Amino acid sequence: MIVAGFVLLAVGAADLVRQFAPRRWIGYLSVVVILLLLGSVSDALLPMIAALVVGALWVWCMPDDRPAPLGFWPAVLFGVLSVGAVVWWGARTDAGLIGGVWSLRSPFGDVSFDLAVLTLGAGVFLLESANLVVRAALDGEHTWRPADPVAVVTAPSDSATPVVEAESSGAETSDDAAVKSAAAPADPRGGFKGGRLIGPLERTLVMILTLASAYPILAAMLAAKGIVRFPEISRDGETGARAEYFLVGSLVSWVIGLGAAFLVWWAAHS
């Protein structure tokens, strides 16, 4: 359990830190030091070192400024690794120095240090790392994503960082610009804004509501999202691009949230 918790925490923290360019190396160094200290006081230094290695590999395999070089497969392998670590290794009986002073109660009973780390790691992973997974799924299936007609490709719902398109070299006269503006049809792909905020909130609610067994509320929330998006999807025409984009992004996002809830539930009941 502690292995999965540290891996999720290292990956999630790395993805949060790399949003703060250009001095992200300071954040990386701070995260490494803090996590190594946490691993030392919890008698889990080797699992923490392994988690940091996995985090470094994740940052390379799942970049935030270009399509993932290995596609969606790193996310699949990461999911298998996390589930396997939770299923095969339960909570430890000794959590080192921090175990002697650790005490956390919840409405469901005492929460062990290992379970708390796993829950925290799952929650951190749902924030930014899951956005990269959703984007990799959309890119891997060549799913259309909303784009601004001028210069910016906006983030897909529950997905990635905005990517600025390369501007064409050379000056363009006003006549040329007017001709292009008249010839180009109006880009209807202007919806689905704010996905980088909606996605993490949605996944966190899915995880919390699932763990709380609030299934009617969960179903109502997911249905409400479809209702809110219906006006945008209904303007698809013959392509069905909006519907495909919405379904792929939403389903992958929900699976990630449910998977995080499953990890925490299994760890708590094992």
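Ile256 is found in helix H11, where helices are DSSP runs of H or I with at least four residues, strands are runs of E with at least two, and both are numbered from the N terminus. At 14% relative accessibility, Ile256 counts as buried; buried means under 20% relative accessible area, exposed over 50%, and partly exposed in between, with a 1.4 Å probe and protein chains only. Neighbours within four places in sequence left aside, Ile256 is in contact with Phe125, Leu126, Ala130, Val133, Val134 and Arg203, contact being heavy atoms within 4.5 Å. One of these, Ala130, is 126 residues from Ile256 in sequence, yet the two C-alpha atoms are 7.0 Å apart in space.

The model is predicted: local features need pLDDT of at least 70 and side-chain atom pairs count only at pLDDT 80 or more, while totals for chains, interfaces and linings use all residues. Residues are numbered from 1 along each chain as its sequence is written, and side-chain values use heavy atoms, with hydrogens and water left out.

A second pair of positions involves helix H9, which holds Glu202. Glu202 counts as buried, at 7% relative accessibility. Its C-alpha lies 8.2 Å from that of Ser253, although Glu202 and Ser253 are 51 residues apart in sequence.

For the protein chain as a whole, there are eleven helices and four strands. Of its 270 residues, 40% count as buried. Among contacts between residues at least 6 apart in sequence, 75% join residues at least 24 apart. The accessible surface comes to about 14,700 Å², and 71% of this belongs to carbon and sulfur atoms; accessible areas come from the Shrake-Rupley method with a 1.4 Å probe, and for residues only the protein chains shown count as cover.

Helix H1 (residues 2-17) packs with helix H4 (residues 73-88) at an angle of about 145°, and their axes are 8 Å apart. Here axes are lines fitted to C-alpha atoms, for helices over the stretch in contact, and angles run from 0 to 180 degrees between N-to-C directions. From H1, Val3, Ala4, Val7, Leu8 and Val11 meet Phe78, Ser82, Ala85 and Val86 of H4. By class, this contact has eight nonpolar residues, one polar and no charged; Ala, Val, Leu, Ile, Met, Phe, Trp, Tyr, Cys and Pro count as nonpolar, Asp, Glu, Lys and Arg as charged, and the others, Gly among them, as polar.

Val83, Val87, Trp88, Trp89, Leu211, Phe262, Trp265 and Trp266 form a nonpolar patch with about 810 Å² of accessible area together. Patches are made of residues with over 30% relative accessible area and no salt bridge, like charges being joined within 9 Å and nonpolar side chains (Val, Leu, Ile, Met, Phe, Trp, Tyr) within 5 Å; a salt bridge is a side-chain nitrogen of Lys or Arg within 4 Å of a carboxyl oxygen of Asp or Glu. The elements that give two or more residues to the patch are H4 and helix H11 (241-269). Trp88, in H4, is exposed, with a relative accessible area of 69%.

Two loops contain non-glycine residues with positive phi. Asp43 has phi near 55° and lies in the loop between helix H2 (24-41) and helix H3 (45-61). Asp43 counts as exposed, at 53% relative accessibility. Ser213 has phi near 60° and sits in the loop between helix H9 (195-211) and helix H10 (215-233). With a relative accessible area of 46%, Ser213 is partly exposed.
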